[in-house]
Structure formats: structure tokens, C-alpha cells
Amino acid sequence: MTDVDTGGRDRLAVAVLVQYRMATTEQMHLIVSPNVRIEQTRRRLMKLRGEGLIDRITLPQAGRTRVWHPTAYGAQVASEWPELRGRRPPRGAVDRTAVRLKVGHGLTVTETALAFLQDARRRRDVCRPLDWIPEVHHSLGSSEAVIPDALLYYQRHTADHTNDTDRTHAMYGTGGTDSSNEDETGARGGVMLRAFVEVDRATMGPERLAAKLTAYARLHSHAPTPAVRQRQQPFPEPTQETWRQRYPLFPRLLFVLDGTGPAGVENRINALRAATRGNEIAPFLRDVPVLAAPMTDLLQQGPTAPVWRPVHHPDHRVDWMHTRHP
């Protein structure tokens, strides 16, 4: 029975790479086994590589950073596990060239995940490695879709946050039995939180970034078109938004801004704020907290620090969970 935990760590390492797409050795160490020496993580990764489950590329920059990714065989094996059912990665996730071309964005997304995981550990909240799910497809119909960089599941303890949910409701006009804020009491007494996370590395213009806000507003209101037979009924049943099939409450939306200095961050937040002025966005903003933060602040202070700016009130600073005015 001495190898039971080792086998579990091996399985988790493969699952993380299949789900996250890629990670450096140090990232894998901090995600999977932060309480052991990094040499043990290196040996584990080399063993899994020898078994054909994962592979690596070496970046040409100084230090020759190793970036790990799943192989086609590893993705096939992991896709049969219950914790990864329905989450088979795209073909590019197992191809060395595709991984190399996506490494900048991919590693930044993984680093963002690590910021939330480490913060949850410090706070003794519940956010496990597989609670970060990249690229979850949400259809808008007509071959259109919203695909966030990641979907985050998080459960916080409520002992020191008794009134925070009320503050969130007051700020965003949410509440009642059918609100679309995503604070929800979990089965173990904690508050369940969900977030769509968009990691922007300034590779697209501010207007294209702001267009994502409009896409999420469309997802918030999107409902399937009723069948013709139902429309002919004298009292057709009301259609329900498609996101409700997955989530009891709509996840909040977090923009993580990287790849630019303070002036670039301001430009991008201003673009997001400009997008909030459309009438079609107003119902979405009343129900869903939408926040933006620089990646540097997120890494230096942690996601629960007041480093987030509500896109329609960017002069305020809040934390990602409570979203209250200072």
C-alpha cells in the first residue's frame, strides 16, 4: 500500500496536463505536489514521459524552461477517468509544434490558475487543481460560441464573510430566489463561487477585448428558439436561458490583463467601460459582477486582495469574491 499516494499523484499530474494543456516544471510542482521537494516532481514527470503519457518542449530562452504537455496516448487514457469525462483536449494540446506556438498564452493561463489555487490554500478555502477548467464551450447558436480561457469553481468558508453576499447584492442589484449572481451556499456550509476567466496578453486591440463583454452578455440572455409546434400553442411554455442547464447561477466574469504596462491596462479597462454603456449590456451588468485586474497585481497580492476594478466603476477597487465598494 506504500505506492497508493504515488499513483494518485501520477494520475493527478497527467490529469492536470490534459486539462490545463501545458505547464512548466515549477508550475506542475506547485499545482500537484507543493509540499515535497521539486526534485521529486521532476522525477515523476520524467517517469510519466518514459511511460508515454506526457512529453515536453524546451524553450530557447535563457534557462531553457521545460514545458510539459500530454501526449495523444496520455489524453486517451485520462479521458476515461471520471474526473475528466467529456474534457478531452483539442488535437493541438498533444502536438509539440502547436504547444510551442501557444506557449505564451497557455503558460499565462496556467499561472493564473496557480494564483487562485495558492490563494485558496492560504485561506483554507476549497479550490483543487481540477476546479480550473480551460476552454469550456458555450453555444450561442448559428455556429457561434463563447469559450472562456477558463471556468473556475471555488468554495469559500463563510465564517469571516457573513455580510459580504449582501454587499454584493446591493452593489449589483441582485438577490431573491432567481438572481444571476453566483454566490450560493454549498452542501458543506461554504459559499460556492464560479467565474469565467479571460486572460488578455495584449495580443489583440482593446476593442476586440471589449467585444468579449458583449459576447458574454449575449450568453447571459441566450435561449434556444422554440420549436414551431410550441409557438403554435395558445400558451407556450417560456424558454429558459441555455446557461441554466449548466449553472444554477451565472458565473462572474474576470478579465486578467497582462503583457502591457500601466498605460496599456488603463486603455483596456477604458475600452471595457465604454462597452458597458450599451443598453444591451445593462441587464447583464445588473446581475453579473464583471471585474478586471492587472496580472502583476494578481501575482504580487493575490486574487482576494482589492486589485480588481468593476468595469462599470473602474475607480473602485474590490476583491474578486466580494465585489463590494471600498
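User: By class, what does the lining of the largest cavity have?
Analyst: The lining of the largest cavity has 4 nonpolar, 2 polar and 1 charged residues, where Ala, Val, Leu, Ile, Met, Phe, Trp, Tyr, Cys and Pro count as nonpolar, Asp, Glu, Lys and Arg as charged, and the others, Gly among them, as polar. Before we go on, please note that this is a predicted model, in which local features need pLDDT of at least 70 and side-chain atom pairs count only at pLDDT 80 or more, while totals for chains, interfaces and linings use all residues. Residues are numbered from 1 along each chain as its sequence is written, and side-chain values use heavy atoms, with hydrogens and water left out.

User: Which residues line the largest cavity?
Analyst: Its lining is made of Ala13, Met28, Val32, Ser33, Thr41, Arg44 and Leu45, and α3 gives the most, with 3 residues. On a 1 Å grid over the protein atoms alone, a cavity is a set of points where a 1.4 Å probe fits but cannot get out, whereas a pocket is an open set with protein on both sides within 12 Å along at least five of seven lines, and lining residues have an atom within 4 Å of a point.

User: OK, and how much space lies in the largest pocket?
Analyst: The largest pocket holds about 270 Å³ of space. Of the 16 residues that line this pocket, the closest to its centre are Arg21, Lys102, His105, Gly106 and Glu135.

User: Switching topic, how many salt bridges does the count come to?
Analyst: The count comes to 15 salt bridges, each being a side-chain nitrogen of Lys or Arg within 4 Å of a carboxyl oxygen of Asp or Glu. One of them joins the side chains of arginine 123 and aspartate 125, at 2.9 Å from N to O.

User: Is aspartate 125 buried or exposed?
Analyst: Aspartate 125 counts as buried, because its relative accessibility is 10% and buried means under 20% relative accessible area, with exposed over 50% and partly exposed in between (1.4 Å probe, protein chains only).

User: What about glutamate 39, which side chain does it meet in a salt bridge?
Analyst: Glutamate 39 meets the side chain of arginine 37, at 3.6 Å from N to O. Here arginine 37 counts as exposed, at 59% relative accessibility, while glutamate 39 is partly exposed, with a relative accessible area of 34%.

Notes: Points joined across faces, edges and corners; volume = space filled by probe spheres on them. Helix = DSSP H or I, 4+ residues; strand = E, 2+ residues; numbered from the N terminus.
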